[in-house]
Structure formats: structure tokens, C-alpha cells
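Subject: Structure for your review

Dear colleague,

I am handing over the structure we spoke about, and my notes on what was found in it follow directly below. Please read them with the coordinates open beside you.

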Amino acid sequence: MTEPPEASAAAERPTLGGPTTGGTDSGPGAPGGSSAAPVVRSVTNRATLAGVAVSVLLILAIVFGSRMLLNFDSALLPYAVATVFLAFGVAYRYTVWISAPGARRLFTQGWRSLFSVENFRRAPTALPKMIATYLGFQKFLGARSHARWAAHQLIFWGCILASLITFPLTWGWFTFTSGSGSGPGYEMRIWGFKILGFDSLNILGWLMFHGLDIAAVLVIPGASYFLWRRMKDRGAITGQRFAYDLVPLIALIVISVTGLLLTFSSIFLHGGGYEFLAILHMVSVVFTLIYIPFGKFFHIVQRPAAVGMQLFKYTGRKDDKVFACRRCEEPIDTGPYVENLRGTMRDLRLGFDEWAEYCPRCKRVLRGSAYLSQVKKGFK
């Protein structure tokens, strides 16, 4: 077999995942080095401080937003406490996440692109377009499966609607008051200021009081589809984990079903079983809120940061800064993105950052050529 011309060059380069030197790296920050434990402690301490700070800010926002707890409903105290734990968990895990070299670089580049005056001048519509298509309607999911995209949209908009209603009500920021005490005329107030008045018997009043039911109707079919898919699709079954993949879907369905049953009980059963359903609904909501930062739902918090990264890549393409593979000259990605990847590899001390300059196919070819020329020739 004739050896490809790239084989000799590949043999001189460090193999993917292989050591770059013959000795053990014991420098500062190296895996297993003496500074590894202090670095971990430093990240943990920073994350804990961030979690405490965000939790305290949320508590202050609840106190002042509810007019010194005047508008705070004590019956919703478990939900409010759960949101404080949610704030701590999100801030803690987010800080740990962006402390990793790769995430930190992407996070920094993304925010730099978001607040770049030059980017706004060159492409003023890029950011709102990406927020709408990538964050809102998630068009990238449609390329994988239209059914998955539709189910994801149902869950996404249902959860957004539920959050916009539940959190302000839980914190005492929203209040609905009636001059007569029993309606039908109501006033919606935010932080004590009147926003609008409405009649509970018309369509606007019905939508105001049944917003959570509408959210539940959206979430149930979307979550049920993904649950069904994870029980039937071989690809999904292979890599799924119960606590990570199935529990979030089950939690969404339980919250939505119990919420609808509360409405059913109050309208058709004259309140029969309402107390039990209210406790079951509260437990499911509190569990889910506390679970969000430490399960699959955390990608909800991570997703907005990806918009900045998409803008970073978009502006690179806008400037024709497309990086071509060093071997086949096929485009890989934008030049700034490839350089960012190389920087991440250097930060991680992986020793093969130049491999970012090759497309996936050429990486496989070069590794295969190196294997044939350096390893297999030693076998009889």
C-alpha cells in the first residue's frame, strides 16, 4: 500500500488524545498536579458565593416587590421558597459551568459579540433574528424532525407561559383585586400599580384566570410525545438515563395534569378532593423547581448563552472569515471560531490544538495513515 503524503506529517504531529512529551506533566493546573484541589475549591467557593448572592437578591426582590410582603400570599410560601433554592442552584451550576475553559471562552466570545457596536452596525437585524429563530422557534430542531420540533415548541411555550404567570404571583408582584370582593370586575396590579381592569365573565377575564390551564394543555402533548419516543425509539433508549431524561418529562406531565384537575375539581366537583390535589400539585412543582439546576432542564438556562455564540459565528461568516481545512481545503467553520477552539485546547493543555485546522474526515484519514505507517508496520 502506498503511504499518503500526509502520513509522515501526521506522524510528526501529536496524536489525538496522546501525550505531548515523554514525561509526566506536573506543572501548575495540570490534571493530577498539586494545584488541582485548590482550583476545585476555588470554583466551588465562587459558585457558592454566586448562589448565595443571587438568592439574597431574589429574597429582597420578593420583599420589596410585594410591598414589604403586604401583597404576599402566605399560602404560596412553599413555591416562593422553592424559587429561592432554584435561584441558588442555577447561579451555582452556571458559575461552575462557565469556569471550565471551553465554556468560559464561548461565554466570553458570545457576550462580546452581543454587545459589540461593530456587529450591530454591520448586521443590525442579526441579533433579533437569532433570538426569534434560534431561541424562540428553535428552527435547528426542525432539521432533525418536524415532530420533535413541534413537541419541543409545545413544551417551550407552555413553560414560558406558566413561568410568566406563576413566578410573579408566587412572589407577590401580581395581584388581582375586586372592589365588590367577588367580582365580576377585577383589577390587575403589578407592584401595587394598576395595570388594567377586566371583567372575569368575558374572554379576557377567562384567559387571565385560565392561563395556567392553557399552559398545561400545551405541555401535556409535548411531554407525552417525548416520553413515548424515549420508550419506543432505539436510539433514545440506548443512551437515556431515568433520572436525567425521564424524570423531567414525568414531572412536567404530573404538574400539568394536577393543575388541570384543580380546575376540574373547582368547576365540576364543587371543590371535592381539592386539598389533596393542591398538595400533590405543590409537591410536584416544588420538586421540579429544585431539580431544574441539576438535571436536563438546566439547558433552558444555558440556551440563551448559545445565541451569542451563534452571533459570533455569524459575524465571522459575514466578514468571509471562513477557515478551510489544511488538507482538503473544504470549509470547516469561521476563522475566529477555529482560533477560539485552538485556544480552548491550549487552555486544557491537550497538546493537539493544530488538529482543529482539519475537517473531521481528514482527521480520520491522518490518524489512519499514522497508524499504518507507525504502528501496523511493526507487526509481523
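A residue is called buried when its relative accessible area is under 20%, exposed when that area is over 50%, and partly exposed in between. By that rule K296, with a relative accessible area of 26%, is partly exposed. Please bear in mind throughout that this is a predicted model.

Salt bridges

The salt bridge between R326 and E357 has its closest N and O atoms 2.8 Å apart. It too links distant parts of the chain, with R326 in the loop between β4 (322-324) and β5 (331-334) and E357 in the loop between α15 (335-347) and α16 (360-374), 31 residues apart. Here R326 is partly exposed, with a relative accessible area of 45%, and E357 is buried, with a relative accessible area of 10%.

A search of the whole structure finds five salt bridges, and one of them joins the side chains of K194 and E187, at 3.5 Å from N to O. K194 counts as partly exposed at 48% relative accessibility, and E187 is likewise partly exposed, with a relative accessible area of 26%. Both of these residues also belong to a network of salt bridges that links E187, R189 and K194.

Aromatic rings

The structure holds 19 aromatic pairs. In one of them, the rings of Y186 and F209 have their centres 5.2 Å apart and their planes at 70°, so the pair is edge-to-face. Because Y186 lies in strand β2 (residues 185-190) and F209 in helix α9 (residues 203-209), this pair ties together parts of the chain that are 23 residues apart in sequence. F209 itself counts as partly exposed, at 42% relative accessibility.

Elsewhere, Y94, W97, F107 and F298 form one aromatic cluster. A ring also takes part in a contact with a charge, as the charged end of R241 sits over the ring of Y244, 4.4 Å from its centre.

Cysteines

How many disulfides does the structure hold? The count is zero, and C328 is accordingly in no disulfide, the nearest cysteine sulfur being that of C362, 3.6 Å away. Turning to C362, its sulfur has its closest cysteine sulfur in C359, at 3.4 Å, which is too far for a bond, because a disulfide requires the two sulfur atoms to be within 2.5 Å. As for accessibility, C328 counts as partly exposed at 30%, while C362, at 0%, counts as buried.

Surface and helices

Which residues of helix α6 (residues 126-136) are buried? They are A126, M130, Y134 and G136. An α-helix has 3.6 residues a turn, so residues three or four places apart point the same way. The helix α6 is followed by Q138, whose phi is positive, near 45°.

Finally, I160 has its place in helix α8 (residues 146-171) and is partly exposed, with a relative accessible area of 33%. The C-alpha atoms of I160 and A215 are separated by 8.3 Å, although the two residues are 55 residues apart along the chain.

Terms used: Residues are numbered from 1 along each chain as its sequence is written. This is a predicted model: local features need pLDDT of at least 70, side-chain atom pairs count only at pLDDT 80 or more; totals for chains, interfaces and linings use all residues. Side-chain values use heavy atoms; hydrogens and water are left out. Buried means under 20% relative accessible area, exposed over 50%, partly exposed in between (1.4 Å probe, protein chains only). Helices (H or I, at least four residues) and strands (E, at least two) are DSSP runs, numbered from the N terminus. A salt bridge is a side-chain nitrogen of Lys or Arg within 4 Å of a carboxyl oxygen of Asp or Glu. Rings of Phe, Tyr and Trp (its six-membered ring) pair if their centres lie within 6.5 Å; planes under 30 degrees apart count as stacked, over 60 as edge-to-face and the rest as tilted. A charge sits over a ring if NZ of Lys or CZ of Arg is within 6 Å of the ring centre and within 35 degrees of the ring normal.
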